[in-house]
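Good morning. I will go through one chain today, starting with the whole and then moving to single residues. Please keep the structure open as I talk.

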Amino acid sequence: MLPCTGRIEETLLLEAFENGADGVMVIGCLEGDCHYLSGNIRARARVARVAGILESIRIGGDRIRMFNLSAGEGAKFAAYVNEFVEQIRELGPSSINVARKNAA
């Protein structure tokens with residue numbers, strides 16, 4: 001559990017893929033409304049760097065996304081989750097998971 005998305009490290013995001021995630025969503029508070037001032041902006045930059053890494057190693061930068069929501073936007077959260085899950089389904093398993101399956 002993190003007190004703020006600004007505390008999430010790139011290594012943690014990359015480990016999610018290494019451990020079998022086909023996609024990762026990072027949900028932060030609204031920009032300009034962070035209790036820790038600019039934590040969500042730092043998180044967005046980290047997510048962008050990880051997307052670049054995933055792109056460069058041919059996993060695909062579109063497998064990670066950052067969303068900014070307030071606690072009262074449950075319907076919007078559900079819509080974002082559904083949209084992202086559908087996007088990941090269309091992409092199929094990550095190349096890491098394909099390689100693991102083929103090695104087994």
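Of the 104 residues in this chain, 32% count as buried. Keep in mind that this is a predicted model, and every value I give is computed from it.

Next, the elements. The chain has four helices and two strands. Starting from the N terminus, their order is α-β-α-β-α-α. As for contacts, take those between residues at least 6 apart in sequence: 69% of them join residues at least 24 apart.

Now to a pair of helices. Helix H1 covers residues 10–18 and helix H2 covers residues 39–56; the two pack with their axes 9 Å apart, at an angle of about 45°. Because of that angle, H1 is oblique to H2. Their crossing is right-handed.

Which residues in H1 and H2 meet? From H1 there are Glu10, Leu13, Leu14 and Phe17, and from H2 there are Arg46, Val47, Arg49, Val50, Ile53 and Leu54. Sorted by type, the residues of this contact are seven nonpolar and three charged, with no polar ones.

On to the cysteines. How many disulfides does the structure hold? The number is zero. Look at cysteine 4 and cysteine 34. For the sulfur of cysteine 4, the closest cysteine sulfur is the one in cysteine 34, at 3.9 Å, and that is too far for a bond. The cut-off you need here is that a disulfide is a pair of cysteine sulfur atoms within 2.5 Å. Are these two cysteines buried or exposed? Cysteine 4 is buried, with a relative accessible area of 8%. Cysteine 34 also counts as buried, at 10% relative accessibility.

Cysteine 4 brings us to tyrosine 36. If we leave aside neighbours within four places in sequence, tyrosine 36 is in contact with Pro3 and Cys4. Tyrosine 36 sits in the loop between strand S1, residues 24–28, and H2. Its relative accessible area is 47%, so tyrosine 36 is partly exposed. For a distance across the model, take tyrosine 36 and alanine 78: they are 42 residues apart in sequence, and their C-alpha atoms are 25 Å apart in space.

Threonine 5 is found in the segment before H1. What does threonine 5 touch, not counting residues up to four places away in sequence? The list is Val26, Ile27, Gly28, Gly39, Asn40, Ala43 and Met66. With a relative accessibility of 14%, threonine 5 counts as buried.

Last, two residues with a backbone angle to note. Leucine 37 has a phi near 70°, which is a positive value in a residue other than glycine. Leucine 37 lies in the loop between S1 and H2, and its relative accessible area of 73% makes it exposed. Arginine 58 also has a positive phi, near 65°, and again the residue is not glycine. Arginine 58 belongs to the loop between H2 and strand S2, residues 64–68. Arginine 58 is exposed, with a relative accessible area of 73%.

That is the end of my part. Thank you.

Note on methods
Residues numbered from 1 in each chain as written. Predicted model: local features only at pLDDT ≥ 70, side-chain atom pairs only at ≥ 80, totals over all residues. Heavy atoms only, no water. Axes fitted to C-alpha atoms, helices over the stretch in contact; angles between N-to-C directions. Parallel < 35°, antiparallel > 145°, perpendicular 65-115°, else oblique. Left-handed = near helix turned anticlockwise from the far one by under 90°. Contact = heavy atoms within 4.5 Å. Nonpolar A, V, L, I, M, F, W, Y, C, P; charged D, E, K, R; others polar. Buried < 20%, exposed > 50% of the residue type's maximum accessible area, 1.4 Å probe, protein only.
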